[in-house]
Amino acid sequence: MINIEGLSKRYGSTTVVDAVSMSIASGSITVIVGTSGSGKSTLLRMINRLVEPTTGRVLIDGADTSLTPAHLLRRRIGYVIQGHGLFPHRTVAENIATVPRLLGWERSRVAARVEELLRVFQLESASFGRKFPHQLSGGEQQRVGVARALAAEPALLLMDEPFGALDPVIRGKAQDDLLDIQRRFGTTIVLVTHDMDEAFRLGDCVAVMKQGRVLQHDRPGVLLTRPADPFVTRLSGTADRALKLLSLTTAGELAEPGPTEKRTVAAAASLREVLSDLIWSGADAATVLNPDGSSAGRLTVARLLAHGRQG
Amino acid sequence: MPRASTILRVAAIVLLVAFLGAPQRFAPLFAPLTEYGAPPIYDQGDLLSLALAHLGTVFVAAAASTLVAVGLGILVTRSRGAQFLSLSRTLANIGQTFPPVAVLAVAVPLVGFGQTPTLIALFAYGLLPILENTIAGLQGCPPAVIEAANGMGMSARQRLLAVELPLAMPLILEGVRLSLVINVGTATIGSTVAAKGLGEVIIAGLLSNNTAFVLQGGLLTGLMAILIYDAMVTLERRLLRTVPA
């Protein structure tokens, strides 16, 4: 649990972050979204004290972060930045081992952890750990950056525009991987982005920032159906908000009992994907299949349309 | 290409060692340059020990320059020392602008004749390239890498030792190389104030109108400068293999 209490940052007469208070649940993904200059990166960087707050405080599991020396605090918090920031003179394995070494882990434990992370991030091959960052593709560099941040098993991971430098195809894969990793390790993630689609795709909660203030901090569906400010509506976009709303729910969640259909969709697919599939195929309904192949029920076009009409 | 450079390198080393080991063997080569039966090979001292003394002076001065310049470069690129950045640059520039001969002239009355005034002159002369390259190297570290080092929880000292200095190392070594090569040549003037070195041979040649002495003093100095340059480039390349530019 992270509690941000009345956090402000002022540079001279300029207020970059203005009295922000919010709570972040453990094991959740919170996305802070806003235009450039909204103070979202500064807010993130005050959590690990790369920026010292002017007023206010941050509590992690009840402990005031200002009471720990900043560099010791940061060893317990993962940190990923845009353009990865890998150490160019160190190999992939050495990069990943950075924080465990700072923490003084035994050599064998460090090696085992590096190996585990290379496997989890699908970077394993006999030679991969010995490569240097400039020998990797953009997607690989980004994965190594995340692996390095998770190396010391932090309970909290901060990410500042982590996918900003990736092309759309690799970005989609990286986002999926992040969701997998988050489920696997149960890490609390706070991620900053200017991309609302990314916010909706990743966030359990989304905080919208403008001029240093948090305008709304809620679940993505609520941001769409009950925006607290016209700026929130503008940022989410109105042209495709029904489809955005559908994309937040999976087929498995909305499936209802009924006769078996010819057309089948996966339970993990979003309603948006199901609707698209039904439009494409011309079918009126589809059977929702669990990963094990059993039926989770069915979905009709009418039910999908009704769900998107909620707003 | 690498083969040609290897042959040249080996040839230069063989030539240097052969000449210093048995200079008299080269007497017939230098004889045409002498007049009135003057000795073709320097005979007022052992060439090998002069060369070693010469190198010793250069390396001691370069070591001192490196220590001071790198230390100063680190200091003025920290936030605490940033205010001294332009001052240190000015000082190093003065050291470079002030001719070593003039430094010798000022230093001799203060510290007497011999090795010391030469060391002072070479030290001052060699500071600038190392300082400038250290500053450039440290300031040239990518901001994202510094940000990551801070974000990982490195202390300022850990960041300097584990990230900034290794990344700046190629440039720092380049500065040391420049400084060394300049000073191999400059050290010859030390002989005007009685420092042991190859300058002695050149000056003896000039005094006695013996072109052979001047030429062999100059050739030996040049060969050493080339070999030092070459060795430093090789060292830098080896480091560059792990530190991409």
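1. Confidence along chain A of this predicted model is lowest in helix α11 (residues 241–247), with a mean pLDDT of 88, and highest in strand β8 (residues 188–193), at 96. Here pLDDT is the predictor's confidence in each residue, from 0 to 100. Helices (H or I, at least four residues) and strands (E, at least two) are DSSP runs, numbered from the N terminus.

2. The mean pLDDT of chain A is 91, and 99% of its residues reach 70 or more. Chain B averages 88, with 97% of the residues scoring at least 70. For the complex, the predictor gives an ipTM of 0.85 and a pTM of 0.84.

3. As to conventions, residues are numbered from 1 along each chain as its sequence is written, and chains are lettered from A in the order in which they are written. Local features need pLDDT of at least 70, side-chain atom pairs count only at pLDDT 80 or more, totals for chains, interfaces and linings use all residues, and side-chain values use heavy atoms, with hydrogens and water left out.

4. Chain A is divided into domain 1 (2–237) and domain 2 (244–308), the bounds coming from an automatic or database domain assignment. The C-alpha centres of these two domains of chain A lie 33 Å apart.

5. Over all chains, the count of salt bridges comes to 21; the criterion is a side-chain nitrogen of Lys or Arg within 4 Å of a carboxyl oxygen of Asp or Glu. One of them joins the side chains of A:Arg303 and A:Glu256 (3.7 Å, N to O). A:Arg303 lies in helix α14 (residues 301–308) of chain A and A:Glu256 in the loop between α12 (251–254) and β11 (264–266) of chain A, so the pair ties together parts that are 47 residues apart in sequence.

6. The contact between the chains (heavy atoms within 4.5 Å) takes 19 residues from chain B and 20 residues from chain A. The buried area, meaning the accessible area (1.4 Å probe) that two parts lose on being put together, summed over both, is about 1,800 Å², of which carbon and sulfur atoms give 69%.

7. Between chain B and chain A the count is one salt bridge, in which the side chains of B:Glu147 and A:Arg45 meet (2.2 Å, N to O). On the side of chain B that touches chain A, α7 (143–152) and α8 (156–186) of chain B each supply at least two residues. α7(B) gives the most to that side, with eight residues.
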